[in-house]
Structures are given as structure tokens and as C-alpha cells.
Amino acid sequence: MSQQTDKPWGGRFSEATDAFVERFTASVTFDQRLYHHDIQGSIAHATMLARVGVLTEDERDAIIQGLNEIHGEIERGEFDWSVSLEDVHMNIEARLTAKIGITGKKLHTGRSRNDQVATDVRLYLRDEIDTLSEELSRLQRGTIELAEREADTIMPGFTHLQTAQPVTFGHHLLAWNEMLQRDYERLQDCRKRVNIMPLGAAALAGTTYPIDRAYTAELLGFDRPSTNSLDSVSDRDFAIEFCSLASLILMHMSRMSEELVLWTSAQFDFIHLPDRFCTGSSIMPQKKNPDVPELVRGKSGRVYGHLISLLTLMKSQPLAYNKDNQEDKEPLFDTIDTLKGCLKAFADMIPAIEPKREQMFEAARRGFSTATDLADYLVRSGVPFRDAHEVVGKAVGFGVEQGRDLSEMTLAELQQFSDVIAADVFDVLTLEGSVAARDHIGGTAPAQVRAAAQTAKALIAAR
Ligand code: ARG
């Protein structure tokens with residue numbers, strides 16, 4: 001180290017870093033959360049260096065023991081993080097040298113912070129993807145179980161937020177599960193590209209030491225070493241990919257949230273959310289607000305923001321590593337934290353939803369939701385579909401005037417609109433008959449909902 005600066009890279013510098021610049025360029029305040037993976041990577045690196053003869057076994061053992069002790073110090077909150085040591089990597093390395101002396105300075109042989117940080121972030125993200133996958137599976141299981149319980153519950157299905165046709169509540173919940181299933185698959189797919197090891201790329205061009213990258217990759221559980229050193233230290237597309245799938249998950253959760261907010265309103269009144277997921281108003285004593293879904297809906301915004309931050313961060317960067325990339329961490333970390341919180345809240349809350357079955361049924365009954373069923377009935381009796389549409393439109397008009405649903409009209413009243421209508425028409429005008437008739441793969445019939453729930457559960461059990 002030079003006299004003018006205490007930095008590990010201070011050799012060629014003749015004056016100390018400006019105090020503000022030191023704080024401005026440091027990342028330790030936020031990248032210290034990588035400590036576990038930084039140490040994990042260093043232990044594997046030292047193990048590999050000893051295997052290829054660059055370190056002695058004693059040196060390796062001293063380094064590993066020192067790193068393990070440092071891990072303990074950090075976990076116990078005893079580690080003194082220093083902004084003047086810039087980042088998590090140099091803080092840990094400096095502490096290692098303070099503890100074990102000159103051998104500590106050998107750890108950085110054949111690597112650079114450029115491949116080190118890329119490795120740390122990938123190891124960290126891989127673990128977080130696994131935790132998020134568990135939480136997403138829990139949310140899916142809760143959603144599917146509720147769907148099974150509500151396979152026979154009838155509610156209005158909507159298009160344009162207008163009552164369209166009756167569906168089962170179970171079917172609606174399984175639509176949510178389809179979105180979540182694709183999200184899960186995207187998460188696993190992203191993991192494949194995250195789990196590639198940059199270590200060995202060193203600063204950008206590789207290293208002159210006889211390193212064994214396949215061995216280090218194996219020690220760290222990576223699928224393989226990366227194949228181009230310039231690309232390894234420079235690209236953050238894996239983090240962008242993660243933020244884009246996180247944005248999709250939050251987009252889906254914002255849609256689920258919106259429906260929950262609507263359904264808990266006095267105007268819909270389809271479900272009850274237990275008090276523990278709601279809060280009150282400080283001025284309006286009657287209020288019970290669906291805060292959890294509202295907040296999840298709102299949090300989608302910050303995750304979309306992080307995606308745009310990372311895309312913009314990477315845009316136009318020349319190869320290879322640039323300090324810009326230090327800015328990858330906060331958006332990525334906040335995306336992970338936000339997603340984890342939202343998934344936890346939903347995984348806890350969804351199974352606790354209490355449907356108000358009569359209200360849902362009444363809403364479906366009020367909205368002429370079996371009008372299509374009447375048209376299909378006429379078609380089965382030989383009426384062309386367009387004419388059937390016209391006939392039913394007139395019958396609905398009559399019902400609106402009279403304040404009565406199609407199923408509440410007499411046979412004689414219905415026959416004014418078409419003489420092919422017979423007494424069996426009432427079988428298709430009931431809500432139960434309507435949903436039961438949609439009995440094919442992907443349909444809303446209770447039997448199909450039960451079968452689809454089984455298939456969905458099997459997919460999760462096989463993970
Ligand atoms: N803190 C840096 C980052 O997060 C580590 C790599 C720094 N490399 C360098 N040559 N300045 O990107």
C-alpha cells in the first residue's frame with residue numbers, strides 16, 4: 001500500500017481519494033448483503049488454487065479458516081464495515097489479511113473483483129430464486145386448494161367487467177394458478193442462465209495461472225464455467241431477465257389484487273378477507289380496507305421501475321466491465337425483497353379467503369348470465385345462431401323491463417320470442433345447468449375444475 005492511500009489498489013496513486021468520492025463510489029453499504037456468497041466463492045477459489053499448486057495446502061487452510069471466522073463475525077454483527085474499503089470484497093479481504101497475515105494477500109491470485117462480483121451476484125440470486133420458488137409453490141398450493149373447495153361455487157364471469165356468463169369460483173382461481181404456473185416455469189428457466197460461473201474471467205481477459213475452472217464450478221454448484229471472459233464480467237442480462245420475470249409475476253399479482261379489492265367492496269361483496277389482512281381508517285369508523293392486495297398492486301410499480309433501471313444501466317455499455325455495473329445491485333435486491341414480501345403475503349392470505357357464496361350466486365343470477373345458454377338451446381333446435389342471438393336479445397330486453405331473469409319467466413312468456421322453446425329450456429337456464437354444460441378440457445364445469453386441480457397439484461408435487 002502507498003503512503004497516501006490505504007487502498008488495496010493504492011500502489012499507483014499519489015494522493016488519497018477525495019472524501020466525498022470515497023463515499024460516492026463505495027458500494028459496501030448495500031453490497032455487504034453478498035458476504036455469505038463472497039466467502040463461499042473465495043473458499044472455492046482458494047481450494048482450486050491449492051489443487052493446481054498455486055497455493056500450498058497450509059495457505060489454503062489458513063485462508064479457509066480465516067474466512068470462516070470472518071463469516072461468524074459478520075453473522076454476529078461484530079464485523080466493522082469500512083466505507084474506505086469500498087465494497088464487500090475488499091472489506092473481507094482486508095480483514096482476512098489482518099487476521100492471518102501475508103497469506104491473506106494471496107487469496108486474490110488469479111481473480112479480479114470483476115469476476116468475483118459477477119460470481120457473488122449469481123450465487124446470491126440462485127439461492128434467492130430457490131427461496132422464491134418455494135414461496136410461489138406455496139401460493140399455488142393455497143390457490144388450488146381453495147379452488148377445489150369452491151369447485152361448485154357459482155359466480156358471474158366477466159368480460160368488460162360486465163356480467164357475461166356464469167363460471168365457478170374454483171375455475172376463476174385456477175385461472176390465477178395458470179398465470180402462477182407459467183411464472184414458476186419462467187423462474188426455473190432463468191435459473192439455468194444464472195447458474196453459470198464467471199469466476200476465472202479475472203479482470204476481463206482471463207488469467208495466466210493454471211486455474212481449473214471446471215473444478216471451481218463444481219465446488220460452487222454451478223452447471224459450468226462461462227465460455228467468454230469478456231462477456232462474463234460485463235453482462236448483467238441474467239439480472240435483467242430476473243427483473244422481467246419478477247415484473248410479470250407482480251403484474252399477475254396486481255390483477256389478482258385488483259379482483260380481491262373489487263370483491264371485498266360493498267358493491268361486489270363476493271368475499272370476506274379476515275381482519276388480520278386488513279386495516280381501518282383513522283377517521284371513518286366503519287372502514288375495513290383491503291390493504292394487503294392494494295399494496296401488492298402498488299408494489300408492481302417499483303419492480304417495473306427496477307427493470308427499466310437495469311435495462312438502461314446496461315444499454316450502450318462497451319465491453320467489458322464498467323463501474324456502471326455496480327448500480328445493478330440495489331434494483332436487483334429490492335426486486336427480490338419486494339417479490340418475496342408480496343409472495344409471502346399472498347401465500348398466507350389466499351387460503352384464508354372466505355367466499356360469500358350466496359352473494360356470488362345472486363350476482364350471477366341478476367345479470368342474465370345464461371343468455372348464451374338460451375341461444376345455444378335454440379341452435380340445437382335448428383335456429384341459426386345469428387337469429388338465436390336476436391331472439392334472446394329480445395327476451396333479455398323484456399326481462400330488463402320486468403326486472404326478472406330469463407329463468408324467472410314462464411314458459412308462455414319465453415315462447416313469445418320463439419316457438420321452438422319447450423319446457424326443457426329451464427334445464428339450461430339455471431346457473432348450475434349452465435356451468436355443468438361446459439364440460440370439456442379448460443371448461444368451467446365443476447367436474448373439470450376438480451380434474452384440473454388434480455393435474456395442477458401433481459405438477460407442483462413433482463417439483
Ligand atoms: N463493487 C464493484 C461492483 O459492484 C466490484 C467490482 C469493482 N471492480 C473494479 N474494477 N472497480 O461492481
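**Exercise 1. The ligand and its shell**

How far is a nitrogen atom of the ligand from an N or O atom in the side chain of Ser27? Then describe the shell around the ligand.

*Solution.* This is a predicted model, in which local features need pLDDT of at least 70 and side-chain atom pairs count only at pLDDT 80 or more, while totals for chains, interfaces and linings use all residues. Residues are numbered from 1 along each chain as its sequence is written, and side-chain values use heavy atoms, with hydrogens and water left out.

Step 1. The distance between the ligand nitrogen and the N or O atom in the side chain of Ser27 is 3.2 Å. A polar contact is a pair of N or O atoms within 3.5 Å; within protein, one must be able to donate a hydrogen and the other to accept it, and residues adjacent in sequence count only if both atoms are side-chain atoms.

Step 2. Look for other pairs of this kind. In the side chain of Asn114, an N or O atom lies 2.9 Å from a nitrogen atom of the ligand. For Tyr321, a side-chain N or O atom lies 2.4 Å from an oxygen atom of the ligand. The ligand taken alone exposes 340 Å², and the protein buries 85% of that (Shrake-Rupley method with a 1.4 Å probe; for residues, only the protein chains shown count as cover).

Step 3. List the shell. The ligand is surrounded by Ser27, Asp31, Asp87, His89, Arg113, Asn114, Val117, Tyr321, Gln326 and Lys329 (a residue is near a molecule or strand if one of its heavy atoms lies within 4 Å of it).

Step 4. Sort the shell by type. There are 2 nonpolar, 4 polar and 4 charged residues. Here Ala, Val, Leu, Ile, Met, Phe, Trp, Tyr, Cys and Pro count as nonpolar, Asp, Glu, Lys and Arg as charged, and the others, Gly among them, as polar.

Step 5. Find the element that gives the largest share. Helix H6 (residues 113-149) supplies 3 residues of the shell (helices, H or I, have at least four residues and strands, E, at least two; both are DSSP runs, numbered from the N terminus).

**Exercise 2. Domains**

*Solution.* Step 1. The assignment gives domain 1 (20-109), domain 2 (114-211 + 223-361) and domain 3 (367-461) (bounds come from an automatic or database domain assignment).

Step 1. Domain 1 and domain 2 both give residues to the shell around the ligand, so the ligand lies between them.

Step 2. The C-alpha centres of domain 1 and domain 3 are 69 Å apart.

**Exercise 3. Gln181**

Is Gln181 buried or exposed, and which side chains make polar contacts with the side chain of Gln181?

*Solution.* Step 1. Gln181 is in helix H7 (residues 169-194).

Step 1. The relative accessibility of Gln181 is 11%, so Gln181 counts as buried (buried means under 20% relative accessible area, exposed over 50%, partly exposed in between; 1.4 Å probe, protein chains only).

Step 2. The side chain of Gln181 makes a polar contact of 2.8 Å with that of Glu185, and one of 2.7 Å with that of Arg463.

Step 3. Apart from neighbours within four places in sequence, Gln181 is in contact with Gln140, Leu459 and Arg463 (contact means heavy atoms within 4.5 Å).

**Exercise 4. Backbone angles**

Where is the cis peptide bond from Leu319 located, and what is phi for Asp269 and Phe368?

*Solution.* Step 1. The bond from Leu319 to Ala320 is cis, with omega near 0°. Ala320 is in the loop between helix H11 (291-314) and helix H12 (329-349).

Step 1. Asp269 is not a glycine, yet has a positive phi of about 55°. Asp269 lies in the loop between helix H10 (237-264) and strand S5 (271-272).

Step 2. Phe368, also a residue other than glycine, has a positive phi near 55°. Phe368 lies in the loop between helix H13 (357-366) and helix H14 (371-380) and is buried, with a relative accessible area of 14%.
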